[in-house]
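Open the model in your viewer and keep the selection tool at hand. This tour moves from stop to stop, charge by charge.

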Amino acid sequence: TNMSGIGADFTTLSSNPAGIAQYRKSEIMLSPTVTNKKTGSTLLNGSEGPTVNDNKTKFRLPNLGLIIAGSKNSKLSYAFGFGVNGFVDNSQNFQFRGKSAGSITERFAASADNTSYGNDPFESDLADDAGVFWTTKDEDGNEVYVKDPDGSLVYDYKDFRDAKIELNKYQNVQSSGRYNEVAFSGGVNLSNKFLIGATIGIPVYRYNETKIYQERDDAKAVKYFEELKFTEYKALSGAGINAKVGIMYKPINYLTFGAAIHSPSFISITDDFSTELDYSYDLDGEIIHNSATSVEGTIDYTVITPMKLQGSIGGILGKFGFINAEIEYQNYSNCKINIDSDNLFDKEVEDNINGQIKANYKGALKINFGAELAA
């Protein structure tokens, strides 16, 4: 909870911008922090699956800003502010390892059986290029796929599925992401009774992720198959705009009521992604190593976040301390995405995602309370 009801607080630029009008002098604000995230991961449903612990430590500057304050007379003061407020840091590392039944090649084959070639360049077509699926020569000498009577493709692990033959598995995921807001604010203080403020916010989002998944047949239980490594890369970046307007009322000097409204945020995001697959198999005693790299994929879309309503009350308890409480309402079912594409398939994806948002999200009421007592 921010302390806008108690006094000048830089975070009000992104919550109730009327709080900036409580500044009586100019100020530079910097708040460095160090965060550490620890993760324990386990491979489930296998004969081996020890918990693997990992951690990620980062130095952060969640708040950085400049306030310029001034006054016309004893009944009118003003302040302008510029800075960055950090909201989300979703950086983490985790990994798992162990031994269990199943193979990711089952996924690739299921996609290949149900998708026309060329329409899944990041998984099934990649598996095709890396030699996951069996091929042979037809009577004209052309390379064709080996298929079972039901028309499905043949691959090394297929005949070992029913027996639930286990493979050694390992995955490492490294991700780094931040959601910040650059804020430009201004506020006016009228007789220290009514405070009015507004903010133009520029939300900035960045996320990078690398996933490395590996399988090995250390027990030589699956004929032909040796090992594979499937790598996924993802890089998202985006920026947007929103507006916030707030008011505060002080009936007495030690009590403050506040209210604010936040417009929807319109955030334009570019999502770049690609995959790689290394696949090795034993062919009559000779180990064959194949590698394939997908095309670079890009999706541009806009995320529209819902409007937010906010109210607060804060008071100073003489020399004993202070209290501050806030209430927020936001209807998350109004969130939506717009994919920048004329492709019919992309529009179907857009409609499906927005439909799931409407069906699974609803309005949320959030209450924050803070207090401090002097010893």
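This is a predicted model: local features need pLDDT of at least 70, side-chain atom pairs count only at pLDDT 80 or more; totals for chains, interfaces and linings use all residues.

Residues are numbered from 1 along each chain as its sequence is written, and side-chain values use heavy atoms, with hydrogens and water left out.

Select Asp300. Its relative accessibility is 33%, so Asp300 counts as partly exposed. Asp300 sits in strand β14, residues 297-304. Asp and Glu count as negative, Lys and Arg as positive; His and the chain ends are not counted.

Go to Asp156. Find it in the loop between β7 (143-145) and β8 (166-190). Which side chain of opposite charge is nearest to Asp156? It is Lys223, 9.8 Å away. Asp156 is buried yet has no salt bridge, a term for a side-chain nitrogen of Lys or Arg within 4 Å of a carboxyl oxygen of Asp or Glu. Show Trp134 and Tyr279 next. The side chain of Asp156 makes a polar contact of 2.8 Å with that of Trp134. Another, of 2.7 Å, joins it to the side chain of Tyr279. (A polar contact is a pair of N or O atoms within 3.5 Å; within protein, one must be able to donate a hydrogen and the other to accept it, and residues adjacent in sequence count only if both atoms are side-chain atoms.)

**Stop three: salt bridges**

The count is 10 salt bridges. Select Glu181 and Lys244, whose closest N and O atoms are 2.9 Å apart in a salt bridge. Glu181 is in strand β8 and Lys244 in strand β10 (residues 225-252), so the pair ties together parts 63 residues apart in sequence. Glu181 is buried at 3%, and Lys244 is buried at 5%.

Move to Glu226 and Lys220, joined by a salt bridge of 2.8 Å, N to O. Glu226 is buried at 16%, whereas Lys220 is exposed at 54%.

Notes. Helices (H or I, at least four residues) and strands (E, at least two) are DSSP runs, numbered from the N terminus. Buried means under 20% relative accessible area, exposed over 50%, partly exposed in between (1.4 Å probe, protein chains only).
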